[in-house]
Amino acid sequence: MEKTYNPHAIEQQWYQHWEANGYFTPSGEGTPYSIVIPPPNVTGSLHMGHALQDSIMDALIRLKRMQQHDTLWQVGTDHAGIATQMLVERKVQAEEGLTRHDLGRDKFLDRVWEWKEESGGNITRQLRRLGASVDWDRERFTMDDGFYKGVQEVFIRLYDDGLIYRGKRLVNWDPKLHTAISDLEVISEDEAGHLWHMRYPLAEGEKTADGKDYLVVATTRPETMLGDAAVAVHPEDERYQHLIGKFIDMPIVDRRIPIIADDYVDPEFGTGCVKITPAHDFNDYAMGQRHSLTMINIFDKNAAILVEPEVYNTDGKPVEVHAECIPQAYQGMDRYVARDAIVNDLTSAGLLEKIEDHALKAPRGDRSGLVIEPLLTDQWFVSTKPLAEPAIAAVEDGRIEFVPKQWENTYFSWMRDIQDWCISRQLWWGHRIPAWYDDEGNFYVGRSEEDVREKHKLGDINLRQDDDVLDTWFSSGLWTFGTMGWPDMTEALKKYHPTDVLVTGFDIIFFWVARMIMMTMHIMKHEDGSAQVPFKTIYVTGLIRDENGDKMSKSKGNVLDPLDLIDGISIDDLVTKRTGNMMQPQLAKKIEKQTRKHFPDGMAAYGTDALRFTLCSLASTGRDIKFDLGRIEGNRNFCNKIWNAASYVLMNCEDQDCGQKGGEVELTLADKWIVSRLQQAEKKVLTAMDSYRFDHAAEALYSFIWNEYCAWYLELSKPVLWDDNASEAQLRGTRRTLVRVLEASLRLAHPLMPYITEEIWQKIKPLVGKDGDSIMLEPYPEFEADKVDAQAEADLDWVRGVIEGVRNIRGEMGISPAKPIPLLFSKGQAADQAILDANSQFLIKLAKLESVTWLEAGDEAPLSATALVGEMEVLVPMAGLIDKDAELARLQKELAKLDGEMKRLNGKLGNAKFVDNAPEAVVVKERAKLAEAEAAANTLRQQVAKIESI
RNA sequence: AGGACUAUAGCUCAGUUGGUUAGAGCGCAUCCUUGACAUGGAUGAGGUCGGCAGUUCGAAUCUGCCUAGUCCUACCA
């Protein structure tokens, strides 16, 4: 073996070997276990969150595969409608100076497909580097023909079931992307704005209570006055009660609008008068519905002022002949230009009472960053309420379980207040809506134009398909069954659906998880007709944040690329990567400074195993995961530790008799001990994995392999292996234990660190008599109760106690570790002597002893530094080695600790209430502790006295 | 406004049903190139578990209030 661990040299070849041999394909034998990967964006790249989730999924899949389940990890990517379309638009614009409209729909889509071919391999390459054992044969893309068939079918079924409808509704309109977006894609953030107080003249000489001939309405959007349909006041607001049912003569637009009463109005806010613009505000829309107000749309698709307003009744039918008009001066103005113009005109007309600063939440599209415009448009919607009910029930009754449990609350609170879902998008890239229109504006839903004609007996009338596409989340909603071949009832569906677990971040519980549950339960049924859930467990991971706890984002320039952690990156390359191709280039300097500060030397190549192990070790129940380079460095060192331990084992066992062909073996205390400890480790790791505590699993592996196997067992094996007088049976026993425990540890660790375990396993497998082709197909280690040896564990604790006692004296007294020292045992029992006799070779080697002397009662001990193992004293003679004052100081320090403890225990045991109320076992335990501490303190005090007396 | 979550060593985090001398990794201090490993080894220092009350024989753990921070949901024009 190479002297140091070099991940780069071992990783990729193993992945190729596994993939080429079809080990990722479901075995077809055993209980099915399946996971679908949350599909990443095909044209994107994996971020740390993906790396975390994929590491966890792979750990689960590898574990279950080793446990001989029939495991399927379904892989695939999604087409990410808006994101991809924007990206390709920018690219075409930059490279050819053309817009998508210049190209036309078909040509533009060709460009998207070209881009997909070009960049789509990125994700799959990264997944391979991470070691993800996904079934590549079943890879799916949401825009595949087969998948499209499923999407279309779901749309048609939902439509036929009355759960999809089309209508003119107010939607979140993105004026830059020219598409509707869902509520979830709108981000509201605090922004500084103004509140304009505008005077609206009362019609027919009406006066307010205080004698004014106008009402004052406050608004954050003065420009929408062009679409005002009413002014509303609270029905019980005394100031305005006499005006309810009267009218306003609108300034600027020559229009008379009613004053209405609605208890939505808060009399305390502003003046208590609200202008109502049903076509441009969600609350106003609702009020418009209640009061049958006409809806006056004044904006075009760019959110610029129309030449002619579009006027609709409450049912969304256009009012063909109407009096509403927009003054020429404003026609075609952008909404913000129009705002200034209107404010100016109102000011000159003396109708602007005042302008106040006002903090507001501006709703912005999460892709474009522009303030979204509520706009009346024809869209397709899913009625979510009927779908939500069974989806809520499935979580309530435990058919679906969230881990950690608390996420169920998040799910419930959203599901119980769910809004209808606008699923149409005015994009080109996506699944085209399977609906056709005739020239009259009637529409027909079906599988194809032919299908529609036939179904509705339309003859050869003109039909054109809906231009719009479906929200990407609509198609990813059927990911679990769509990837398995639905609508065909495939073998895969029968076997692997419902899937076992979904691993995802909490940020997409609403976007994706909830919708997947709703759609799957509606479409997929068991043989008895009951709904199939998409997955039985939802494991919700935390979100990976940077070293300051900030979310990683390109614009902040704090993203880490998992591959850079694997391969390493120089600081200059990292800076270039973080500051290149930025949306806001002015931030580049700041980002460069931060980056150089945090990563002065760039990043080392830690390797996939260290990255995966680290991610798993960070996966506790919290919501946020701060990523700290120190952790991955420590775990890279852990890999190196395993590597070197294996190197030691090979040096001592290769071409030697390790008992793989039988033969007599004699096991030392150390051998029995490590086998026993291995059982405990196996139990801990498996328990942790079964409860999705990958941090605990990682911890258990780390401490067993490093702190027990490497730190103690390997050292304890040396006195045996290097003993010229050791018997063949002893040598065979120790070698066999060395390789067997290492081999089992590798299997235990394999789900978390696939590469290094495979590499080493291949080298040592003959030493344990195995000839399997890959560790990933070997059985997962199981706890075996009969290999637990409590006596061995206790005895080895004794051995460790002696060694640590001596080391403590050496360390504290400044005795060179190279200097052999004599050791005496005093006040020991027969049991102590028995352990000593059987194990003195361990002590001599590990504590570097010159001699070992057992003192019988009455034997005179020389003046010594003392360590205690139980009641037995372990003595290092001071003569020529130890300074009197130093030893006194050391003993006083020990005594101070013991005093503290005795005080605490005495207080506790002196309290009658404790003794009366606490369980007997607790009291007994505390008494024993006190007795032990007292005995130890006594011994040490005698030592102090003895030393002082000189 | 409502709700959730977090607060433990200098840093990043564990701590299961209340009974541990409160742990780990990194960092720090002292020492060590002994034949797996300096990406290492030995020893050690370091925490009144955010604050205040309460329940209890006993609280990092349960309850209430407070403080600080994060997030989600809904928003008053």
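Which residues does Leu846 touch, not counting residues up to four places away in sequence?

## Leu846 and its surroundings

In this predicted model, Leu846 touches Trp712, Glu715, Leu716, Pro719, Ile803 and Arg807, when residues up to four places away in sequence are not counted; contact here means heavy atoms within 4.5 Å. Leu846 belongs to helix H27, which covers residues 830–846, where helices (H or I, at least four residues) and strands (E, at least two) are DSSP runs numbered from the N terminus.

With a relative accessible area of 11%, Leu846 is buried, a term that stands for under 20% relative accessible area, with exposed meaning over 50% and partly exposed in between (1.4 Å probe, protein chains only). Ile803 is 43 residues from Leu846 along the chain, and the C-alpha atoms of the two are separated by 6.8 Å.

## Basis of the model

Residues are numbered from 1 along each chain as its sequence is written, while chains are lettered from A and ligands numbered from 1 in the order in which they are written. Because the model is predicted, local features need pLDDT of at least 70 and side-chain atom pairs count only at pLDDT 80 or more, whereas totals for chains, interfaces and linings use all residues, and side-chain values use heavy atoms, with hydrogens and water left out.

## Overall form of chain A

The secondary structure of chain A comprises 30 helices and 30 strands. Chain A is more spread out than a compact globule, because its radius of gyration is 38 Å, well over the 30 Å that the globule rule gives for 950 residues; the radius is taken over C-alpha atoms, and the rule is 2.2 Å times the number of residues to the power 0.38. Along the principal axes, the C-alpha atoms of chain A fill a box of roughly 120 × 70 × 60 Å.

Of the 950 residues of chain A, 54% count as buried. Among its contacts between residues at least 6 apart in sequence, 77% join residues at least 24 apart.

## Arg129

Arg129 lies in helix H6, residues 121–129, and is buried at a relative accessible area of 12%. Leaving aside residues up to four places away in sequence, Arg129 touches Glu11, Gln12, Leu563, Ile566, Asp567, Thr608 and Tyr755.

## Cysteines

When a disulfide is taken as a pair of cysteine sulfur atoms within 2.5 Å, the count comes to zero. Cys710 is in no disulfide, the nearest cysteine sulfur being that of Cys639, 12 Å away. Cys710 is buried, with a relative accessible area of 6%, and Cys422 also counts as buried, at 7% relative accessibility.
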